[in-house]
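Here is a quick tour of some charged pairs and a few other spots worth a look. Have the model open and follow along.

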Amino acid sequence: MELRIIFSFILLLEGGLSFENRKPNIAIIGGGIGGASSSHFLTELFQSNLNIDLYEAKTIGGRLATVQIDENEFEAGGAIIHPQNKYMQEFVKLLGLEHRTSTDGNKVGIWNGNEFVFEESNWEVISFAKLLYRYGIEPFSLNRLVQSILNDFAKIYDLQDAGKSFENVTGLLSAMNNGFPKLLQTSIKDYLLNLGYSDQMIDELVKSTLVVNYGQDTTVHSFLGAVSIAGAGFNLWSVKGGNKKVPEHLIYRNKNINIIPSYVVKIINAPKENGRQSYEVHYHNKDSTIIMKSVYDIVIVATPLTSDQQYPITFEGFPNNDFHGAEKYHRTIATFVKAGLKPYYFGSAEEIDTILSCEPNKTIVSSVGRLNSIEGSMKNSKVWKIFSNAPLRSGVLNEMFSNIDEIKEISWKAYPEYSTYVHDAKFKLHNTLYHVNAIEWAASAMEMSAISGRNVAILAHKDFSEKFYYNEINKMQTTVPANTPSIEL
């Protein structure tokens, strides 16, 4: 390094240079939990010296949404949060929101289309005995296994507190446990069979969690399987008033964010003559076909990049102009019914609050669950949510329910179609172009999106800072006295 460069850097520091002299212009595409958490962590890292345009084609909150039945609202998208989800806990506290204990579905049964292979009792001790009778100690051993995976995964919080960031999903997982990437290459069924677990437990208990949480089978990779099993645990909770309040409040309360209700159609790599990285974002709102454009230093895509999305984004001017893979997102149907349940349809003599299918091809539905409102104020609710992989015919609903008052259906491209194919999921797509939803190829969940949002924010801050200070040093070299010695160190 030349002494001239060192001297320039000292002058730079003594001059008290800050981002106030060069606020980054940032585009965030997507107003769900991934985009909201990215905006929050970016604002912290840049100490509010930044400008954010947030593009949302539909509604702030994304896949966190509610549906109204009569005068009550119910969770229509992501519904439950694990007690070890640190960022969601912190967001709720920061935003002055409240917890709502997840009491939806107090009594659970696993249904194979003919009968309940396992059904909880109203008495906890009897439920425990029935579980032990059918599966032995395997469920308790499985719980310890999943808890050990969660404990290793929790290392991400200390890594991110230390400013660590990762350019791809494999690197992020390896930093917590170098065995985690291997979990992406083995199905959850093969993984558990190799550990000595029985087919019966895997095909009933494990499979039913995957069917309800991801609409998929035990052929998905093992990391997702562990996340799914954890999502069937204890002390689960949600946000009073709706989980969508977290992204809404993170975005609406941030004075550095300008919300643009528009569809992004194209991103162009357009570096400036002075060498600074810049991108053109082309967009239009839903009421116009006129394409507009804005230029940014940093672009963060917080929406899925698969070709099956309703509003796919095209890319131009990049070494690889197509960041879309051949992978697809899984479509799941959430049907909301206000009615009385017919328990005999399921082979039961009495109502069960939550029915989980372990044979979705036979049962047609993935799950049926009694709902509580987002305010948590209902008792003996007559509102049910049915998950299925295809729309339900009215005849099927009439067989399951009596006295139907209302039906509402929501179709979601909810999460990826999972397999054991190792997807090259990158957070960093180009110099200062990033993708939050890359994390979903490991697992799709609210906390995963928040973790990815912080990872992308750290990457963007680091990349912009290094480029910014490098450019400023180059400028200041022209002001260093010409007689400054140029000594190699």
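A salt bridge here means a side-chain nitrogen of Lys or Arg within 4 Å of a carboxyl oxygen of Asp or Glu. Counted that way, there are 22 salt bridges. Keep in mind that this is a predicted model.

| Pair | Closest N to O distance |
|---|---|
| Asp-152 and Lys-155 | 3.3 Å |
| Arg-370 and Glu-351 | 2.7 Å |

**Arg-370 and its partners**

Start with Arg-370, whose salt bridge to Glu-351 puts the closest N and O atoms 2.7 Å apart. This pair connects distant parts of the chain, 19 residues apart: Arg-370 belongs to strand β17 (residues 365-370), while Glu-351 is in the loop between β15 (329-341) and β16 (354-357). Arg-370 counts as buried because its relative accessibility is 13%, and the cut-off for buried is under 20%. Glu-351, on the other hand, comes out as partly exposed, at 26%.

With 46% relative accessible area, Glu-167 is partly exposed.

**Asp-152 and Lys-155**

In the Asp-152 to Lys-155 salt bridge, the closest N and O atoms are 3.3 Å apart. Lys-155 is partly exposed as well, with a relative accessibility of 39%.

**A nonpolar patch around Trp-123**

Leaving charges aside, which residues make the nonpolar surface patch of about 360 Å²? They are Trp-123, Val-125 and Ile-126. You'll find Trp-123 in the loop between β7 (116-119) and α4 (124-135). Its relative accessibility is 62%, so Trp-123 is classed as exposed, the threshold being over 50%.

**Asn-49**

Finally, is Asn-49 buried or exposed? Asn-49 is buried, because its relative accessibility is 16% and the limit is under 20%. This residue lies in the loop between α2 (33-45) and β2 (51-55). The C-alpha atoms of Asn-49 and Asn-25 are 9.8 Å apart, with 24 residues separating the two along the chain.

Conventions. Residues are numbered from 1 along each chain as its sequence is written. This is a predicted model: local features need pLDDT of at least 70, side-chain atom pairs count only at pLDDT 80 or more; totals for chains, interfaces and linings use all residues. Side-chain values use heavy atoms; hydrogens and water are left out. Patches are made of residues with over 30% relative accessible area and no salt bridge: like charges are joined within 9 Å, nonpolar side chains (Val, Leu, Ile, Met, Phe, Trp, Tyr) within 5 Å. Accessible areas come from the Shrake-Rupley method with a 1.4 Å probe; for residues, only the protein chains shown count as cover. Helices (H or I, at least four residues) and strands (E, at least two) are DSSP runs, numbered from the N terminus. Buried means under 20% relative accessible area, exposed over 50%, partly exposed in between (1.4 Å probe, protein chains only).
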